[in-house]
Amino acid sequence: PGFESYVENWAPLNEIQIGQKVIIRRIHETAEDNPELLGFFESNKLMPGAEAQLVEKLDFNQTLTLEIDQKQLLLGFSAARFIYVEIC
């Protein structure tokens, strides 16, 4: 409570448009229920403060390709919805 204006520009990663550069701001706490998912995020540097760019978004199979730390990473919408970002 009280921080709504600070986070109002954050959105789930799966709602971002192709070509947009973002800063990861938050991993939703419900992701904590899945240690394997959190390990995947950490090993691929999908952590708060990291910068990334959405390279491809395929709605028909619900995947997106993210460029982060000079490598491309394929991510499903079901995982991307836990990552909140701010557009640069």
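In the predicted model, 61% of the contacts in the protein chain between residues at least 6 apart in sequence join residues at least 24 apart. The protein chain contains three helices and six strands, arranged along the sequence in the pattern α-β-β-α-β-β-β-α-β. Its radius of gyration is 12 Å, close to the 12 Å given by the globule rule for 88 residues, so the protein chain is as compact as a globular protein of that length. The C-alpha trace spans about 35 × 30 × 25 Å along its principal axes.

Of the 88 residues, 38% count as buried. In soluble globular proteins, nonpolar side chains tend to be buried together. The largest nonpolar core comprises 24 residues, and those with the most contacts inside it are Leu13, Ile24, Phe41, Leu46, Leu64, Leu75 and Ile83. At least two residues of this core are supplied by each of β2, α2 (35–43), β3 (51–58), β4 (63–68), β5 (71–76), α3 (77–80) and β6 (83–87). Apart from neighbours within four places in sequence, Phe41 is in contact with Ile27, Leu46, Met47, Leu75, Ala79, Phe82 and Ile83.

Asn14 is located in the loop between β1 (10–12) and β2 (21–27). With a relative accessible area of 19%, Asn14 falls under the 20% cut-off and is therefore buried. Beyond its neighbours within four places in sequence, Asn14 is in contact with Lys57, Leu64, Phe77, Ala80 and Arg81.

The protein chain exposes about 5,700 Å², of which carbon and sulfur atoms supply 48%. There are 7 positive and 14 negative side chains, and the centres of the two sets lie 4 Å apart.

Note on methods. Residues numbered from 1 in each chain as written. Predicted model: local features only at pLDDT ≥ 70, side-chain atom pairs only at ≥ 80, totals over all residues. Heavy atoms only, no water. Helix = DSSP H or I, 4+ residues; strand = E, 2+ residues; numbered from the N terminus. Buried < 20%, exposed > 50% of the residue type's maximum accessible area, 1.4 Å probe, protein only. Contact = heavy atoms within 4.5 Å. Core = buried A, V, L, I, M, F, W, Y, C linked by side-chain atoms within 4.5 Å. Rg over C-alpha atoms; globule rule 2.2 N^0.38 Å. Areas by Shrake-Rupley, 256 points an atom, 1.4 Å probe, with all protein chains shown as cover. Lys, Arg positive; Asp, Glu negative; His and termini not counted. Charge placed at Lys NZ, Arg CZ, Asp CG, Glu CD.
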